[in-house]
Amino acid sequence: MAHQQITEHGEYLRGVIGDKASVDDFNAFYQELKRRCAERGCDRALVVVMPEDAVPGKDRLDTYKNAGFIDGFKLALVCAAWTLYQACNQAERAAAAARITVRAFFHEMEAVRWLNQQ
């Protein structure tokens, strides 16, 4: 199983998942992230996709759509490698049809600033 963790960071949750994670791993990860956000009443999360010598396709990155996040939810995807960033960017574009706002970032601090904007 790929490396995964979810931690609290003030007004948002921060999740980390390895890019070798399977579609099922990504689905379970986003479901758990949604569950914890619902418990805390938070409407934003930051997901860091860690490079592990694989590049997940859009089919894995955009499994957030299956999680059922609340309308208006903000999800920041941080992808630390260029190939990962390109894949995250494709997931961001696919989110246009979803009711949540997804944005890809190359640096975590940029993602945190975006999440904290009202």
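In the predicted model, strand 2 and strand 3 run parallel and are joined by six bridges, and within this pairing glycine 18 is placed opposite methionine 50 of strand 3. Strand 3 (residues 44–50) is in turn joined to strand 4 (residues 74–79), again by six bridges and with the two strands running parallel; here valine 48 stands opposite valine 78 of strand 4. These pairings belong to an open sheet of five strands, whose order is 1-2-3-4-5 and whose pairing is mixed. Strand 1 (4–9) and strand 5 (101–105) form the edges of the sheet, and because each has a single partner strand, one side of each remains without a neighbour in the sheet. Direction ignored, neighbouring strands of the sheet are turned against each other by 20° on average.

The protein chain contains four helices and five strands, which follow one another along the sequence in the pattern β-β-α-β-α-β-α-β-α. Helix 1 (residues 23–40) lies across strand 1, strand 2 (12–18), strand 3 and strand 4, and its direction makes an angle of about 170° with that of strand 2. Among contacts in the chain between residues at least 6 apart in sequence, 76% join residues that are at least 24 apart.

With regard to burial, 46% of the 118 residues of the protein chain count as buried. Strand 3 is largely enclosed by the rest of the structure, because six of its seven residues are buried. In soluble globular proteins, nonpolar side chains tend to be buried together. In the present model the largest nonpolar core comprises 19 residues, of which Ile17, Tyr30, Leu33, Val47 and Leu75 touch the most other members. Strand 2, helix 1, strand 3 and strand 4 each supply at least two residues of this core, with helix 1 giving the most, namely five residues. Another core, of 11 residues, lies apart from it and includes Val48, Ala76, Val78 and Ala111.

The cysteines were examined separately. A disulfide is a covalent bond between the sulfur atoms of two cysteines. The structure holds zero disulfides, and cysteine 37 takes part in none, the nearest cysteine sulfur, that of cysteine 42, being 3.5 Å away. Because the cut-off for a disulfide is a sulfur pair within 2.5 Å, the 3.5 Å between the sulfur of cysteine 42 and that of cysteine 37, its closest cysteine sulfur, is too far for a bond.

The mean pLDDT of the protein chain is 77, and 62% of its residues reach 70 or more. Among the elements of the chain, the lowest mean pLDDT, 54, belongs to helix 2 (residues 58–61), whereas the highest, 91, belongs to helix 4 (residues 108–116).

Key. Residues numbered from 1 in each chain as written. Predicted model: local features only at pLDDT ≥ 70, side-chain atom pairs only at ≥ 80, totals over all residues. Heavy atoms only, no water. pLDDT = per-residue confidence, 0-100. Pairing = 2+ DSSP bridges. Axes fitted to C-alpha atoms, helices over the stretch in contact; angles between N-to-C directions. Contact = heavy atoms within 4.5 Å. Core = buried A, V, L, I, M, F, W, Y, C linked by side-chain atoms within 4.5 Å. Buried < 20%, exposed > 50% of the residue type's maximum accessible area, 1.4 Å probe, protein only.
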